[in-house]
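Here is a short report on one protein model.

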Amino acid sequence: MADRVPGLATELDVEVPHAARIWNYWMGGKDNFAADRAAGAAVAQVYPEIVVMARESRRFLVRTVGHLAAEAGIRQFLDVGTGLPTMQNTHEVAQSVAPGSRVVYVDNDPMVLVHARALLVSPAGAGTTRYVPADYHDPERILTEAADALDFREPVAVMFMGVLGYEPDLEVARSIVAMVLDAVPSGSHLVLWDGTDTSPAVVEGAARLVASGGVPYVLRSPEQIGGFFDGLTPVEPGLTSITRWRADDDTPAIDAYGAVGRKP
């Protein structure tokens, strides 16, 4: 794998757990290493629901992207912090509804880059799918490079899916989201979810992640997550557990809240 991308071998440290690969492990994927599995298992030992969260997060993505493409008429998606590709990725969901949809993925993990180049590709006749190798702490670069594929005069769905907990300062995280939203026009949408500090077990799981060498993930309150949507018009049902957002089953609420908001 590493020899497919120049310089990847020096960037990829298989001895250090990485967020994207740990998440891949929880989702039942195979794109992870022993260090990732050890860290993921340590969290799951005290918080088994993390596996449910990983899989429910994908169902949340499918429902929200499907809604925006089918009902809100969105044809452009900026997925920031995409992680390793799995099934039903953003471009697949959007382009299954509206084949001309344009999708830009953003991530800074070298292993994600390898898979993005191979798998995050639109079928013939469909819209554009691009990948921007960048850290979400550099929104100016993201916007500059995404502009090669997206038209910022037209509405864009801006997506931060379970990634802002890796920024410890809430105000910094909010400023990143605000800067990206400032660059998109009226009619654009924010889709965002993150883990919440709503049970003792999930808090212990976050502590185990750090103890296992993983990057710290800051759990926030639902109210703090709701603050990312200040100034936006909520799309029903508003902020809720990701299992409850327009779900067609009775999956119990979990320690992860999200919402969709429209820019006036």
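Predicted model: local features only at pLDDT ≥ 70, side-chain atom pairs only at ≥ 80, totals over all residues.

Residues are numbered from 1 along each chain as its sequence is written, and side-chain values use heavy atoms, without hydrogens and water.

**Cavity.** The structure holds 1 cavity of 30 Å³ or more. A cavity is a set of points on a 1 Å grid over the protein atoms alone where a 1.4 Å probe fits but cannot get out; lining residues have an atom within 4 Å of a point. The volume of the largest cavity is about 260 Å³. Its lining has 21 residues, and Trp23, Trp26, Ile50, Leu209 and Tyr217 are the closest to its centre. By class, 16 lining residues are nonpolar, 5 are polar and none is charged.

**Aromatic pairs.** Rings of Phe, Tyr and Trp (its six-membered ring) pair if their centres lie within 6.5 Å; planes under 30 degrees apart are stacked, over 60 edge-to-face, the rest tilted. The count comes to 4 aromatic pairs. Two of them are tabulated.

| Pair | Centre distance | Plane angle | Class |
|---|---|---|---|
| Trp23 and Trp193 | 6.0 Å | 35 degrees | tilted |
| Phe60 and Trp245 | 6.2 Å | 85 degrees | edge-to-face |

Trp23 lies in helix α2 and Trp193 in strand β5, so their pair ties together parts 170 residues apart in sequence. Trp193 is buried at 2% relative accessible area (buried means under 20%, exposed over 50%, partly exposed in between; 1.4 Å probe, protein chains only). Trp23 is partly exposed, at 22%. Both Phe60 and Trp245 are buried. Trp23, Trp26 and Trp193 form one aromatic cluster.

Methods:
1 Å grid on protein atoms, 1.4 Å probe; cavity = no way out; pocket = protein on both sides within 12 Å on 5 of 7 lines; lining within 4 Å. Points joined across faces, edges and corners; volume = space filled by probe spheres on them. Nonpolar A, V, L, I, M, F, W, Y, C, P; charged D, E, K, R; others polar. Helix = DSSP H or I, 4+ residues; strand = E, 2+ residues; numbered from the N terminus.
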